Amino acid sequence: MAANRRNGMHSSGPGLAGIFSAARAQPRTSLPTVATVVTAVAALYFGREVFLPIAIALLLTFALAPLVSALKRAGIPRLPAVVVSVLGAFTVLALFSFIVATQVSELAQNIPLYQANILTKVRSLKETGVGGGIIARLSGVIERVGQEIDQQDPSPPAADKPRREPVPVEIIARERPLQVLQNLIGPLISPLASAGLIVIVVIFMLLEREDLRDRFIRLVGYGDLHRTTQALQDAGKRVGQYLLTQLVVNIVYAIPITVGLWVLGIPNALLWGLLALALRFVPYIGPVIGTLLPLFLALAVAPGWSLLLWTVALFVVMELVTGNVIEPWLYGSRTGLSPLAIIVAAIFWTWLWGPLGLVLSTPLTVCLVVLGRHVPQFEFLDVLFGNEPVLEPHARLYQRLLAGDPEEATDHAEEILEEKYLVEFYDRVAIRALLLGEQDRIRGVMGDQQRRQVAASAQTLVANLDDSAKEEADEDDDPVAAEETGSRDDKEAQEEGVDDTELPDGTDMSVLCAGGRGELDDAAAAMLAQVLEIQGATVSKTSFADMEPASIRRLELDAVGTVVVGFLNRDSVKHARFLVRRLKRAKPALRVGIVFWSEPGSDEKNTAARLATDINADFVAHGMVDAVLGALSHEPPVALKVAAKRRMRRRPARKKAPLAVAN
């Protein structure tokens, strides 16, 4: 068995330090008042006529800023670069709108030609039913219900009222040519005015981008230039990359759809491809709408069902390829939003600003998340909508142990074990979770029943990770794999500055792991025992109850070479000293080590030797790696020191007063 198990072993992928740095370390997030939120939402709702064009112009500015910068680097002055970029973008949008309008007009003219095919399919569906057809029955029921609702009680006509003949009325419209022109142009004025306003705002934002940036910094972030600059760069980078990447993904998706529909013979294939390109900017709902319209047309074009099935297959294949291949490949920089946040944002912005709000929901929410990431007052936005973990791994694990859910805790552990080894997970995550439990016990917020539940869940977690432990042990049995892994991990450990202490081979060594004073200590001892088993040692476990004075004598220590007792409570030095004495009295040749579990990275190595001498232990450790090193050491046991007996001081004898002699 290979003996080189390392504390710093790293597989490919992001390091565990990255997982910790991604989590939020601040325990409390300030929330805004209800009045502030209501005021902001009301201002956005009632001022949508002003804020919506500005929002569109701002996002277009983010999207066109890289193009303007590229033209400036090519030697084109700022003004021509801005004008060319803006006019080019809006020309593409106008051409897109013209093609869609033309295709829709052509489709509207051809709809009556498809009526016969639709009626044929309806008749075939009627004939597929049993006993007259399911559709016929449903139609009959709906018809009878409608007749019952429309039925009115007949009222007898009045005999005394003569019947009046209807008077024909002719309405003659007398509209002036100016009024007709106004009716035609009036509905177009508002969209054209908004589009023109957006074009002007985008041009001025691109021309005065640096000046607007400086004014914004002076207004809100002059006291912290570093944070404000980072927030502006982060927002521009995320929004610009999102819009550009989404456009590329939509184009790659729309071209095969257009070609496939044209090959299948679906009319107006260009229209459906353009709609698929545009609707994919709408999260979740857009692709569904872009699929239903061509499917309905495929149902109407051909009398059979084969064209509909081929169209369904085309969209399914493209969705699978786009979602599983193209998007993961192109989205090297994600938006930073969780999937639930995208849905909630779509609902909120649609309610606030209508269909345009639905299209703008994702980039606007990205801006809010960036704001929450860099401004402490808005940190709740990053917590609610961001996709980064808001709990550190050990806090998340402890929460699952508190809830009595070892299965989810195991899933969380296996995610980390895909890139890290078991010794790192226990040292950096699991032991820290148990330390949180010990702190709650000391503070009195954890009852006995809850403490036993946390300990039982932790023991179940250790049992569930037996397969992972066996896989690591099997890797040690393969010398070639161990050498390749070791060389790779050495390089990564040097790059990340991680301790790469070698863990010794535990073959032919016998270790007993025990908890010190409670059930949580027993769970920590079980974790240490599993790591020692990976190193090849023969390990046995015992409970803290067996460490009581009356129970130590009954321990079978004949085949045990080392006993390791762990304490999560750092104030257990006196108790540890008594345990060491009792164990060494039971077997003088026994090596006894004490582990005072502490946070990783704490500077405790300097006091370990002095503390070991104080309590007469063979070694004192504060982490998983030091505990394994001490347990698998071949150093001879430390002899038990004889406690110095206190000698009672004798009081000096009192001189007796001479007796008076009577004369």
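Reader: Is tyrosine 45 buried or exposed, or does it count as partly exposed?

Author: Buried means under 20% relative accessible area, exposed over 50%, and partly exposed in between, with a 1.4 Å probe and protein chains only. Tyrosine 45 has 28% relative accessibility and therefore counts as partly exposed; tryptophan 351, at 52%, is exposed. This is a predicted model, in which local features need pLDDT of at least 70 and side-chain atom pairs count only at pLDDT 80 or more, whereas totals for chains, interfaces and linings use all residues. Residues are numbered from 1 along each chain as its sequence is written, and side-chain values use heavy atoms, with hydrogens and water left out.

Reader: How many aromatic pairs does the structure hold, and how is a pair described?

Author: A pair of aromatic rings is described by the distance of the centres and the angle of the planes. Rings of Phe, Tyr and Trp (its six-membered ring) pair if their centres lie within 6.5 Å; planes under 30 degrees apart count as stacked, over 60 as edge-to-face and the rest as tilted. The structure holds 7 such pairs. Tyrosine 45 and tryptophan 351 are stacked, because their ring centres are 5.6 Å apart and their planes lie at 15°.

Reader: Which residue forms a tilted pair with tryptophan 351?

Author: Phenylalanine 348 does, at 6.1 Å centre to centre and 45° between the planes. Phenylalanine 348 is partly exposed, at 29% relative accessibility. Ring pairs link Tyr45, Phe46, Phe348, Trp349, Trp351 and Trp353 into a cluster.
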